[in-house]
Amino acid sequence: CQKCLSIIKKTKFLNAYITVSEEVALKQAEESEKRYKKGHSLGDLDGIPIAVKDNFSTSGIETTCASNMLRGKGYVPPYNATVVQKLLDQGALLMGKTNLDEFAMGSGSTDGVFGPVKNPWSYSKQYREKRKQKSHCENEDSNWLITGGSSGGSAAAVSAFTCFAALGSDTGGSTRNPAAHCGLVGLKPSYGLVSRHGLIPLVNSMDVPGILTRCVDDAAIVLGVLAGHDPKDSTTIQDPVKPFVLPSLTDVSKLCIGIPKEYLTPELSSEVRSLWSKAANLFESEGAKVIEVSLPHTSYSIVCYHVLCTSEVASNMARFDGLEYGHRCDIDVSTEAMYAATRREGFNDVVRGRILSGNFFLLKENYENYFVKAQKVRRLIANDFVTVFNSGVDVLLTPTTLSEAVPYTEFIKEDNRTRSAQDDIFTQAANMAGLPAVSVPMALSNQGLPIGLQFIGRAFCDQELLTIARWFE
Ligand code: GLN
C-alpha cells in the first residue's frame with residue numbers, strides 16, 4: 001500500500017487520480033495486516049490496492065464525475081456503490097478516485113474538468129527513443145499520448161503500478177479502449193452480471209462496471225468478487241453466480257472463432273490489421289476453426305448509439321437541477337432560469353450538447369422516427385450476434401481500437417462527437433447487445449506502443465470468454 005502511494009505521488013503528472021484516499025487506504029491496509037497476523041480468514045482481495053473511477057459513489061469520499069456540476073459543492077455520497085462495497089468487503093484497499101471524461105462522455109479522457117490524463121507509455125524508453133529518431137528537436141513532453149477513455153484515469157493508474165486493478169465503466173467501450181491503449185486487460189462483463197447501483201448513469205440500458213487489470217487472471221478474480229444479483233439493481237441476474245475459476249485451457253482446437261468481416265474498415269491501421277490476422281492464424285495453427293462471419297447491421301451501430309445515448313442522457317441529466325446535488329447558480333429570478341444557468345455553469349459543452357440532442361430525439365414529433373427506430377435497429381444489431389453464435393461460433397475476435405494511442409495534440413484536432421464515433425466503432429455493438437467483451441494486449445507496435453485485440457462472447461458466458469482470453473494473452 002505504501003509503495004503504491006509513493007508511486008501515486010511520483011506519477012502525479014499523469015493526472016490519473018482526482019482524489020487520492022491515502023488515509024482510508026492506510027487504515028484498510030493496517031486492518032488487513034491485523035487480520036493476516038491474527039490468522040483470521042482473508043478476503044479474495046485482502047490487502048490489494050485498487051482504484052475506482054470517479055463516477056462510482058464512494059461513502060465519505062468526494063465523487064465528481066470530473067464535472068463542475070458535482071465538484072462545485074463537493075458531492076460526498078452517503079453510501080458506496082455496490083461494486084465498491086463488494087471490493088471493500090473482500091479486503092481491497094481503496095487508493096483513490098480516478099480521472100475521466102466528464103460524466104464518462106468521451107473516448108480519450110481529455111474532456112474532464114481536471115484536465116487530460118497522460119498515458120504512462122508516453123514515457124517508456126522504447127517510445128521515447130523512437131520519437132527521438134523521428135525528430136531531434138521535439139520537446140519530449142509535448143508528445144505525450146492519450147490513454148483512451150473514458151476510464152483513462154483507471155487505466156493509467158493500473159498501468160503505472162499505482163494499484164493492481166481498477167474499476168472503470170463501459171457504455172460504448174470506455175473500459176476496453178483505454179485498456180488497449182495502456183497495455184492492459186479491460187473487461188466489460190455481460191450486462192446484468194454486475195450491479196450498476198451507485199454507478200452514476202450515462203446510458204442505463206448499456207452501462208456496465210468494467211475491470212482493468214494487468215492480466216486475465218486478475219480480471220477473473222475481481223469479476224468473481226463483483227458478479228451477482230443485487231436487490232438494488234433490478235437488471236442484475238437472479239440466478240446465483242458460480243465462482244470465476246479459470247480452468248487451464250490448453251486445447252483450443254475445438255473452438256470456432258468468428259472474424260466479423262464488417263470490422264475490416266478502411267480506417268483500421270495496417271499494424272492493427274496485421275496483428276489481428278496474426279492472432280487468427282495463431283488460433284488456426286492450434287487447430288481452432290477460424291471463420292469469417294457477418295454482422296450486417298454493424299454500420300448502423302454508431303448512429304444508433306448516438307440517438308439512444310443522448311436520449312438516455314437527456315433523461316438522466318435531469319436530476320442535476322441545482323436543487324438536490326452539487327452546483328447551483330446564483331440566479332434566482334425563476335426556477336427555469338436557475339435550472340438553465342446551473343446547467344450552463346455545471347456541464348461542459350459535450351454534456352450540454354448531448355442533453356440538447358437527446359431532448360430533440362425525444363420530442364413528441366420525433367420520438368417515433370428517432371428513438372423508437374433506434375431501439376428497433378438496436379434489436380437488429382443484437383440479433384446479428386445471436387445468429388452468429390447460434391451458428392456455432394464460440395467467440396468473436398476483433399480489433400479493440402483503430403490504432404495505437406495517439407498524441408494528445410493530434411487527438412484534440414477533432415471534436416468529442418466525431419472522435420467517439422470513430423473510436424468506439426469496434427466496441428459499441430457489444431454494449432448494444434449486452435454481451436461480455438474483453439480487450440487483451442497483443443503486441444507492441446513499431447513505435448513501441450501496446451495494441452489490444454478484443455474477444456466478444458455469448459451473453460453470460462464471461463467465464464468461457466476469459467478462459468479463451470487467458471490462453472491468448
Ligand atoms: N465514447 C462513448 C461515449 O462517449 C462511450 C463512453 C463510455 O463507454 N462511457 O459515449
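In the predicted model, Lys53 counts as buried, because 32 C-beta neighbours lie inside 10 Å and a residue is classed as buried at 20 or more. Lys53 belongs to strand β2. When residues up to four places away in sequence are left out, Lys53 touches Thr98 and Leu100, Ser151, Gly153 and Ser154, and Leu167, Gly168 and Ser169. The UniProt record, an unreviewed entry, assigns the feature "active site" to Lys53, Ser150 and Ser174. These positions are spread over 122 residues of sequence, yet they cluster in space, with a largest C-alpha distance of 11.0 Å.

Ser174 is located in the loop between β4 and α7. Ser174 also counts as buried, with 38 C-beta neighbours inside 10 Å. Apart from neighbours within four places in sequence, the contacts of Ser174 are Ala104, Gly149, Ser150, Ser151, Gly168, Ser169 and Gly210. Ser150, in contact with Ser174, is itself one of the positions annotated as "active site" in UniProt. Ser151, Gly168 and Ser169 are found among the contacts of Ser174 and also among those of Lys53.

Asp54 lies in the loop between β2 (49-53) and α3 (68-71). Asp54 is buried, with 31 other C-beta atoms within 10 Å. Beyond four places in sequence, Asp54 touches Ile18, the residues Thr63, Thr64, Cys65 and Ala66, and the residues Lys97, Thr98, Asn99 and Leu100. For Asp54 and Ala66, twelve residues apart in sequence, the C-alpha to C-alpha distance is 7.2 Å.

Helix α6 (residues 152-159) is largely enclosed by the rest of the structure, since eight of its eight residues are buried. The buried residues include Gly153 and Ser154, both of which touch Lys53. The buried residues of α6 pack against strands β1 (17-20), β2, β3 (93-98), β4 (165-170) and β6 (208-213), and against helix α7 (176-181). Just after α6, Phe161 adopts a positive phi of about 65°.

A helix pair was also examined. Helix α8 (residues 216-226) packs with helix α17 (residues 462-472) at an angle of about 160°, and their axes are 9 Å apart. The angle therefore makes α8 roughly antiparallel to α17, as angles over 145 degrees are assigned to that class. The crossing of α8 past α17 is left-handed. On the α8 side, the contact is made by Val216, Asp217, Ala219, Ala220 and Leu223, and on the α17 side by Asp462, Leu466, Ala469 and Arg470. By class, this contact comprises six nonpolar and three charged residues, with no polar residues.

Conventions. Residues numbered from 1 in each chain as written. Predicted model: local features only at pLDDT ≥ 70, side-chain atom pairs only at ≥ 80, totals over all residues. Axes fitted to C-alpha atoms, helices over the stretch in contact; angles between N-to-C directions. Helix = DSSP H or I, 4+ residues; strand = E, 2+ residues; numbered from the N terminus. Parallel < 35°, antiparallel > 145°, perpendicular 65-115°, else oblique. Left-handed = near helix turned anticlockwise from the far one by under 90°. Contact = placed C-beta atoms within 7 Å. Nonpolar A, V, L, I, M, F, W, Y, C, P; charged D, E, K, R; others polar. Buried ≥ 20, exposed ≤ 12 C-beta atoms within 10 Å, placed from the backbone. UniProt positions renumbered as here; feature names shortened; annotations may be inferred.
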